[in-house]
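I set out to record what can be read from the sequence and the three-dimensional model of this protein. My entries follow the order in which I looked things up.

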Amino acid sequence: MGELPWASNNWFALLNGREPKKPRYALSGLGCADSTVGAFPSKGLTSWAWLPHKMATSGDCRWTSISTMASVSCCQPQDLWLAYEQTNITTFPTSPLFYTDYVATFGSHNTALMPSIGWVRDGRDSLIYPTNGTYQRAFADGGLPGGTLRYYRLNYQYQRYFPLTRTTTLMLNGEIGYGDGYGNKSLPFFKNYFAGGVSSLRGYRLNTVSPRDANGDPRGGNRKLLGNVEYLFPFPGLTNDKSVRLSAFVDGGGVSDGKFEPSAWRYSTGMALAWVSPFGPMKFSVAAPLVNKVGDRRQVFQFTFGGAF
């Protein structure tokens, strides 16, 4: 991808009056990535931080976006943020149609006054080797008057662990997301939902399960529904080692721009290995898609560093 030049400035207001834990950095798909760099202030009732934001480039597109939700705990279950974002979009002759259509309709320069609120309740018995309990997360964000973008997104995740025996556990995970525009504006394409990858639908390439444009490129959608069933068991010979375990799983779900049609659903099954390495949590999976549609981009082996679902 080459060197990533600076593109825009972002100003973040921390409104809950407490220092967040380490922020999460994210990558978005479709050949364009986003990564926030910088440090949050350590103290203050109302603290401000200026964080420069890198712009990703590829042969198809170039834009800036952000993903900046601070992690929370059961003792601090709410986070409220206000961000001001500037987004510049550059298209190329090879850009997907939904990029160029968006720029033609709304322009290449957008601003957003973005509030976001998150709520988490974590009742699991362990963060790295859970066997019992529930995890819930709700998150909402959007664009308010004051910027050129007008949209909202609502997300909810529910996860439950059931101990089956002393060494085996059943995990159920469900996620739902919905977004839309208002004030005669649509949901920006860089806020769309996608599925696929080791943390959603394993066996399909990252962020490739979604509606497609006329050229067959994944363009995302404003509705997402995912479900995962996972049977967790010890690695052979390492029953008492809490840093590693295996699982067998079935994933299912899809992304849509409206009513979920049968063609939107994808399913996969396989095996996974979770390992809390000296460098951080890692997860490896080998999966086989159970539904194969024309244009699907399959990927048998996948891995992630830094967390699971």
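The entries below cover the overall fold, the helix, the aromatic pairs, the charges over rings and the nonpolar cores.

**Entry 1. Basis.** I worked from a predicted model, in which local features need pLDDT of at least 70 and side-chain atom pairs count only at pLDDT 80 or more, whereas totals for chains, interfaces and linings use all residues. Residues are numbered from 1 along each chain as its sequence is written, and side-chain values use heavy atoms, with hydrogens and water left out.

**Entry 2. Overall fold.** I found one helix and 15 strands in the protein; helices (H or I, at least four residues) and strands (E, at least two) are DSSP runs numbered from the N terminus. Of the 309 residues, 44% count as buried. Here buried means under 20% relative accessible area, exposed over 50%, and partly exposed in between, with a 1.4 Å probe and protein chains only. I then looked up the contacts (heavy atoms within 4.5 Å): among those between residues at least 6 apart in sequence, 63% join residues at least 24 apart. The accessible surface comes to about 15200 Å², and 59% of it belongs to carbon and sulfur atoms. These areas come from the Shrake-Rupley method with a 1.4 Å probe, and for residues only the protein chains shown count as cover.

**Entry 3. Helix α1.** Which residues of helix α1 are buried? In α1 (residues 97-106), I noted Phe98, Tyr99, Tyr102 and Val103 as buried. They cover an arc of only 135° around the axis, and therefore lie on the same side of α1; the arc is that of the directions from the helix axis to the C-beta atoms. On the other side of α1, Ala104 and Thr105 are exposed.

**Entry 4. Aromatic pairs.** I found 13 aromatic pairs in the structure. Rings of Phe, Tyr and Trp (its six-membered ring) pair if their centres lie within 6.5 Å; planes under 30 degrees apart count as stacked, over 60 as edge-to-face and the rest as tilted. Tyr102 and Phe106 form a tilted pair, 5.0 Å centre to centre with 45° between the planes. Both lie in α1, four residues apart, which is about one turn of the helix. Tyr102 counts as buried because its relative accessibility is 6%, and Phe106 counts as partly exposed because its value is 25%. The rings of Phe284 and Phe301 have centres 6.4 Å apart and planes at 20°, so this pair is stacked. This pair links distant parts of the chain, with Phe284 in strand β14 (residues 280-289) and Phe301 in strand β15 (residues 301-305), 17 residues apart. I also recorded one aromatic cluster, formed by Phe98, Tyr99, Tyr102, Phe106, Phe189 and Phe190.

**Entry 5. Charges over rings.** The criterion is NZ of Lys or CZ of Arg within 6 Å of the ring centre and within 35 degrees of the ring normal. The charged end of Arg202 sits over the ring of Phe249, 3.6 Å from its centre. Arg245 lies over the face of Tyr129, at 4.1 Å from the ring centre.

**Entry 6. Nonpolar cores.** I took a nonpolar core as a set of buried Ala, Val, Leu, Ile, Met, Phe, Trp, Tyr and Cys residues joined through side-chain atoms within 4.5 Å. In the largest core, of 13 residues, those touching the most other members are Ile89, Tyr102, Met114, Leu149, Tyr151, Phe189 and Phe190. α1 and β7 (109-122) are the elements that give two or more residues to this core, and α1 gives the most, with four residues. A second, separate core of eight residues includes Leu201, Tyr204, Leu226 and Val291.
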